[in-house]
Amino acid sequence: MNEEINIINTNKKNYKIKNFIINNKKKIIILLSTIILIFFGYFILEEIKQKKKLNLANIYNASIINFNENNTTNVKNEMIRIIKEKNTTYSPLALNFLIDNNISISDTEINELFNILINEANLEKEIKNLIIYKKALYNSDFESENNLLEILKPIINSESIWKSHALYLMAEYFYSKNEKIKAKEFFEDIIILENSNSIIKTKAQKRINRDFSE
């Protein structure tokens, strides 16, 4: 008796499943098709990204190999093109190359390129903070105190590994302006900072002992 009931229940269940599939055939086909498209679309997108990255790598390496200090126009254009692609690997390298090789480009344009990396590229948090620090370092020779602090605010107000570097930059900035009280405050902030870089911390202590001892 129980066996017969089980058979009847199983048949009912199979009938319901079959009936559900028949009644919802179009929806099921659309759902399965969508899943397949998403699956293949993901791998196609990844392949496109890899090809694009490889292409940027080739452009970057070719630009470095063909770099000529007497004719920087081509490499400048190629590096700017790479930066504007917002690639997490080669865009920062391209900006570093422009700056490190003193390629002729206006401060305004350099800052615009910095902003592309900081605001638009999908960089890891600490890589982004490093770019912010480099932007402040680049601007430290000509920017005002307020503008420099504004650039560094995201780092100074965080627990970033680059915080002690940012504080040291501001300390040296104020010291160069002969604003020794402000400079000392930043040097002291480095010393009491828990995750301060050990080398930066030692340098800050030496500066206090040497230049601020009474």
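A salt bridge is a side-chain nitrogen of Lys or Arg within 4 Å of a carboxyl oxygen of Asp or Glu. This is a predicted model, in which local features need pLDDT of at least 70 and side-chain atom pairs count only at pLDDT 80 or more, while totals for chains, interfaces and linings use all residues. Residues are numbered from 1 along each chain as its sequence is written, and side-chain values use heavy atoms, with hydrogens and water left out.

The structure holds eight salt bridges.

| Salt bridge | N to O distance |
|---|---|
| Lysine 182 and glutamate 145 | 3.2 Å |
| Arginine 207 and glutamate 172 | 2.3 Å |
| Glutamate 179 and lysine 182 | 3.4 Å |

Relative accessible area sorts residues into buried (under 20%), exposed (over 50%) and partly exposed (in between), using a 1.4 Å probe and protein chains only. Glutamate 179, at 29%, is partly exposed. Lysine 182 is partly exposed at 32%, and glutamate 145 is partly exposed at 23%. Arginine 207 is buried at 10%, whereas glutamate 172 is partly exposed at 24%.

Helices are DSSP runs (H or I, at least four residues), numbered from the N terminus. The axes, lines fitted to C-alpha atoms over the stretch in contact, have angles from 0 to 180 degrees between N-to-C directions. Those of α7 (residues 145-156) and α8 (residues 163-176) come within 9 Å and cross at roughly 165°. That makes α7 roughly antiparallel to α8, a term for angles over 145 degrees.

Technical notes: Helices (H or I, at least four residues) and strands (E, at least two) are DSSP runs, numbered from the N terminus. Angles under 35 degrees count as roughly parallel, over 145 as roughly antiparallel, 65 to 115 as roughly perpendicular and the rest as oblique.
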